[in-house]
Each structure stands twice: as C-alpha cells, then as structure tokens.
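Dear colleague,

I am handing over the structure discussed for your review, and the entry is shown directly below. My findings follow after it, grouped by topic.

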Amino acid sequence: MPHDSSRSRPDRRGLIAFAWLWVGAPLCYGLYELVRKATQLFTG
C-alpha cells in the first residue's frame with residue numbers, strides 16, 4: 001500500500017503565511033525607515 005504523505009500531516013500553509021507576515025512586516029518597516037533616514041542623511 002503506497003504511503004500518502006498529504007494525509008498523514010496537517011496542512012500548514014496558514015501557519016507558514018502567518019510566520020512570514022510575523023517576520024516580514026517588521027522587516028519591511030525597518031527597511032523603509034532605513035531608506036528614509038539614509039535619504040535624509042545624504043540629502044540634508
């Protein structure tokens with residue numbers, strides 16, 4: 001009997017999406033602030 005791996009483990013796409021948002025949102029905000037402050041620094 002072949003082993004069906006999709007039935008043996010739960011679908012974790014929601015958890016993965018949540019984890020990406022949990023890390024990605026602050027990361028994007030931090031990069032935005034970095035670019036904004038660097039622009040102010042170099043343009044006066």
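The structure, which is a predicted model, holds 1 aromatic pair. Its partners are F18 and W22, and the pair is classed as tilted because the ring centres are 5.7 Å apart and the planes meet at 35°. In general, a pair of aromatic rings is described by the distance of the centres and the angle of the planes.

Together with L15 and V23, F18 and W22 form a nonpolar patch on the surface, with about 500 Å² of accessible area in total. W22 has a relative accessible area of 62% and is therefore exposed. V23, likewise placed in helix 2, counts as exposed because its relative accessibility is 52%, the cut-off being over 50%.

Turning to charged contacts, a search of the whole structure finds 2 salt bridges. Side chains of opposite charge can pair when their charged atoms come close. E33 and R36 both lie in helix 2, 3 residues apart, which is about one turn of the helix.

Is E33 buried or exposed? With a relative accessibility of 16%, E33 counts as buried, since the limit for that class is under 20%.

As to the overall fold, the chain contains 2 helices and 0 strands. Helix 2 covers residues 13–43, and its 31 residues should span 45 Å at 1.5 Å a residue; the end C-alpha atoms are 43 Å apart, so the model agrees with that expectation. Within helix 2, a kink of about 25° lies at G24, shortly before the proline P26. Just after helix 2, G44 takes a positive phi of about 90°.

Helix 2 is hardly covered, since the count of buried residues among its 31 residues is 2. Across the chain, buried residues make up 5% of the 44 residues. The accessible surface of the chain comes to about 4700 Å², and 68% of that surface belongs to carbon and sulfur atoms.

Yours sincerely

Conventions: Residues numbered from 1 in each chain as written. Predicted model: local features only at pLDDT ≥ 70, side-chain atom pairs only at ≥ 80, totals over all residues. Heavy atoms only, no water. Helix = DSSP H or I, 4+ residues; strand = E, 2+ residues; numbered from the N terminus. Expected span 1.5 Å × (residues − 1). Bend = angle between axes of the 7 residues up to and from the residue. Buried < 20%, exposed > 50% of the residue type's maximum accessible area, 1.4 Å probe, protein only. Patch = residues over 30% accessible without salt bridge, like charges linked within 9 Å, V, L, I, M, F, W, Y side chains within 5 Å. Areas by Shrake-Rupley, 256 points an atom, 1.4 Å probe, with all protein chains shown as cover. Salt bridge = Lys/Arg side-chain N within 4 Å of Asp/Glu carboxyl O. Phe/Tyr/Trp six-rings, centres within 6.5 Å; stacked < 30°, edge-to-face > 60°.
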